[in-house]
Every structure is written in C-alpha cells, then in structure tokens.
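Hello,

Here is the structure I promised to hand over. My notes on its pockets and cavities follow below.

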Amino acid sequence: QFNNITLDSLLCRETSYTTFLPERYKNVTLVTRAIVTRILFKGTQAVGVEYVQGKNKYSVGVENEIVLSAGAIATPKILMLSGIGDEAELGKFDIDVVVNGKEVGKNLHDDLFVSAGFSIPENKPVPIYPYSLAPAVIFGSTTNSNLAVDIESSVGVGTLKGFLGPRNSFWLWPNVMHLKSKGTVTLCSDSPDDAPLVNPAYLSEPGDIESCKIALNLGIEIGNKSSLSPWRKEQIAPKPGTDLESYIRETADTTYHYCGTCRMGYDENSVVDTKLRVRGTSGLRVIDASVFPLPITANTAAATMMIAYKGSDIIIQAP
Ligand SMILES: Cc1cc2nc3c(=O)[nH]c(=O)nc-3n(C[C@H](O)[C@H](O)[C@H](O)COP(=O)(O)OP(=O)(O)OC[C@H]3O[C@@H](n4cnc5c(N)ncnc54)[C@H](O)[C@@H]3O)c2cc1C
C-alpha cells in the first residue's frame with residue numbers, strides 16, 4: 001500500500017474509496033460536504049452528532065453508538081470541542097468538561113524525511129513519471145540491525161509529478177521512523193471553524209537528530225556508489241561539506257504519518273481502551289490513526305485500514 005493506493009485481485013491500482021465504496025451498502029447514508037462540529041452528550045453518554053453543512057447547523061441523534069474517524073489532527077479537536085480533553089486546556093475556552101482526558105491531543109507522532117539529491121548529466125534521458133509516487137523504496141536501520149528497521153527511503157527522480165527541484169536529478173528520501181519526539185494538538189479557540197494548534201515538536205528529543213543524520217548519510221552513501229556514477233554528475237543536496245544537523249533542521253519534512261493523539265491502551269490515561277471506546281464515556285469509539293499507541297514501521301494508511309477492519313469486528317461482536 002502506497003500513497004493511499006491499494007491493489008485489487010488483478011493487481012490493478014485502486015484508491016481506498018474505490019476499494020470500499022461505502023454507498024454500495026444499503027444501510028449507509030452518506031452526508032457529504034458536512035463538517036462535524038461536536039459530539040453531543042447526555043452526561044457521559046454520547047447521544048448525537050452536531051454538524052454544519054453550508055450555512056446550516058444540524059444535529060442527529062444515535063440509537064447505538066458513534067464512531068469518530070476524523071484523523072489524528074481533527075479527531076482530538078472534535079473530542080476537545082465536545083468536552084473530552086485536559087480540563088486545564090478546555091478551561092481556557094470555557095468548554096464544559098465531560099471527561100478530563102489528559103492525553104487527548106498529546107502523543108502526536110510523525111515520521112520525518114530527509115533528502116539526499118544528485119544531479120544527472122544533461123545527456124542522460126530521465127524517464128517522465130505521470131505520478132508523484134517514488135518508484136522504489138529501500139528499507140534500512142539506524143542501528144544497522146535487521147531486527148530494527150526504522151528507515152524507509154524513497155528513491156525518485158526530478159521528473160516525478162509535482163517535484164519542484166531540478167528535472168535532471170535523482171534523490172533518496174530516507175523517511176526516519178520511530179522518532180522519539182512527541183507533539184501536541186490543542187485548541188486555539190472554542191470555535192469549530194478555527195484550525196487546531198499543531199506542535200509536532202520535531203527533533204526536540206535527544207537522539208532524533210542523530211537518527212536523521214544516520215538516515216541521511218545512508219542516502220548520501222547510496223547516491224555516491226560507484227555503480228551510480230554514470231547517472232551522477234554531482235551531489236547537490238546537501239552540498240558536500242554542509243553541516244548536516246543544520247541541513248536537517250532546515251529541510252527535514254513531514255511524511256504526513258500523524259498518529260497517536262488519542263492513544264489506545266490498557267492504562268487509565270490512554271484515550272481509548274482496547275475496544276477503541278473513549279474512556280469515561282459510553283457510546284463513542286475512535287477508529288483512525290489517532291489511536292496508534294506507538295509509531296509503526298511503515299506508512300500509516302494500511303495500518304489504519306487494519307484498525308478499521310478490527311474496529312468493525314469489535315462493533316459487530318459487541319453485545
Ligand atoms: C499527502 C499525503 C500522502 C500520504 N501518503 C501515504 C502513503 O503513501 N502511504 C501511506 O500508507 N500513508 C500515506 N499517508 C498517510 C495516510 O493517508 C494516513 O495515515 C491515513 O489516511 C490516516 O487515516 P485516518 O482515517 O486516520 O485519517 P484520514 O484519512 O485523514 O481521514 C479522516 C477524514 O475525516 C474527515 N474529517 C476531518 N475532520 C472532519 C470534520 N470535522 N467533519 C467531517 N469530516 C472530517 C477528513 O476530511 C478525512 O476524510 C499520506 C497522507 C498524506 C496527507
């Protein structure tokens with residue numbers, strides 16, 4: 001699974017949407033162009049959903065339960081707007097506390113990628129790619145161990161769709177997984193219209209910059225291999241002699257693998273329990289990447305779909 005594309009049984013590429021086509025189920029009603037603003041509670045029981053569509057606000061009641069799947073940034077935002085979050089944070093905006101869930105919006109994890117780039121001689125033809133997917137991936141380890149894979153390096157060329165750098169270039173983009181830094185998602189107001197404050201706290205934990213340096217050096221080493229010399233004119237990023245820590249701090253970027261902000265766990269502080277129920281409430285589950293308790297060793301879409309499958313089994317089996 002790569003860039004939200006899965007393969008069907010004939011190995012043709014299909015998107016998550018075409019794979020699952022929710023409207024083919026007779027018992028599903030899709031409300032589109034609607035923004036959920038709050039979960040409505042009676043005491044600690046989730047009883048409905050408030051949403052806006054155009055200029056109108058609606059609320060719908062539920063008979064059974066609500067499943068919140070707005071992703072690792074929006075799910076904690078909706079929970080906090082609904083009164084589930086750290087009471088000190090909610091108090092800043094006079095939001096009535098339903099559950100004092102101290103870890104809602106905490107534990108934000110993301111992978112970072114770093115870039116090693118090389119120019120390609122002008123006389124070499126560079127294949128044109130009609131898509132932005134890196135055509136190859138290399139797995140590696142910052143500890144040189146087969147048991148602890150934590151580098152997933154995409155490999156691509158400057159002709160990838162949407163790439164802003166030079167066309168005659170090839171790149172290694174090591175994605176560094178299992179970083180220690182943890183960020184936060186907090187509210188900046190009590191208005192659903194306002195985006196939440198996302199502080200990814202990248203590279204704030206000791207050790208993360210070292211992991212990124214090792215991953216970057218791996219990319220530099222592979223790009224400089226003699227077998228690639230016909231394709232390599234020179235190393236263009238980082239320029240040889242560049243201070244790698246400064247380069248990483250300036251250029252490392254998100255892989256959009258946000259997760260962990262509504263951590264699942266056995267402990268009381270976790271946001272959801274192992275049945276994905278929001279602790280302290282009834283009738284409310286979270287099923288999306290926000291429940292990952294720990295970062296995974298891969299891109300996050302397939303694992304999120306796996307959680308959705310597991311979550312639907314849990315719901316079907318629930319009394
Ligand atoms: C640019 C990009 C590239 C990526 N590439 C890859 C990749 O190659 N491979 C991979 O495995 N993963 C990739 N990912 C990560 C992957 O897409 C996510 O991990 C995965 O989609 C997470 O699923 P989710 O259900 O938690 O959240 P999402 O897929 O974000 O789903 C949440 C949904 O909730 C909706 N929503 C949010 N707030 C509200 C609201 N208030 N009301 C109504 N609806 C709301 C959103 O519109 C969205 O449709 C990529 C992500 C991005 C952004």
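How many cavities of 30 Å³ or more does a search of the whole structure find? It finds two. This is a predicted model, where local features need pLDDT of at least 70, side-chain atom pairs count only at pLDDT 80 or more, and totals for chains, interfaces and linings use all residues. Residues are numbered from 1 along each chain as its sequence is written, and side-chain values use heavy atoms, without hydrogens and water.

Terms: on a 1 Å grid over the protein atoms alone, a cavity is a set of points where a 1.4 Å probe fits but cannot get out; a pocket is an open set with protein on both sides within 12 Å along at least five of seven lines; lining residues have an atom within 4 Å of a point. Volume is the space filled by probe spheres set on the points.

Largest cavity: about 60 Å³. Its lining includes His 109, Asp 110, Ser 181 and Asp 208. By class, that is a lining of six nonpolar, two polar and two charged residues (Asp, Glu, Lys and Arg count as charged; Ala, Val, Leu, Ile, Met, Phe, Trp, Tyr, Cys and Pro as nonpolar; the others, Gly among them, as polar).

Second largest cavity: about 30 Å³. Asp 86, Glu 89 and Lys 106 are among its lining residues. The classes are three nonpolar, two polar and three charged.

Second largest pocket: about 190 Å³. Its lining has 11 nonpolar residues, no polar and no charged ones. Phe 170 and Trp 231 are among them.

Best wishes
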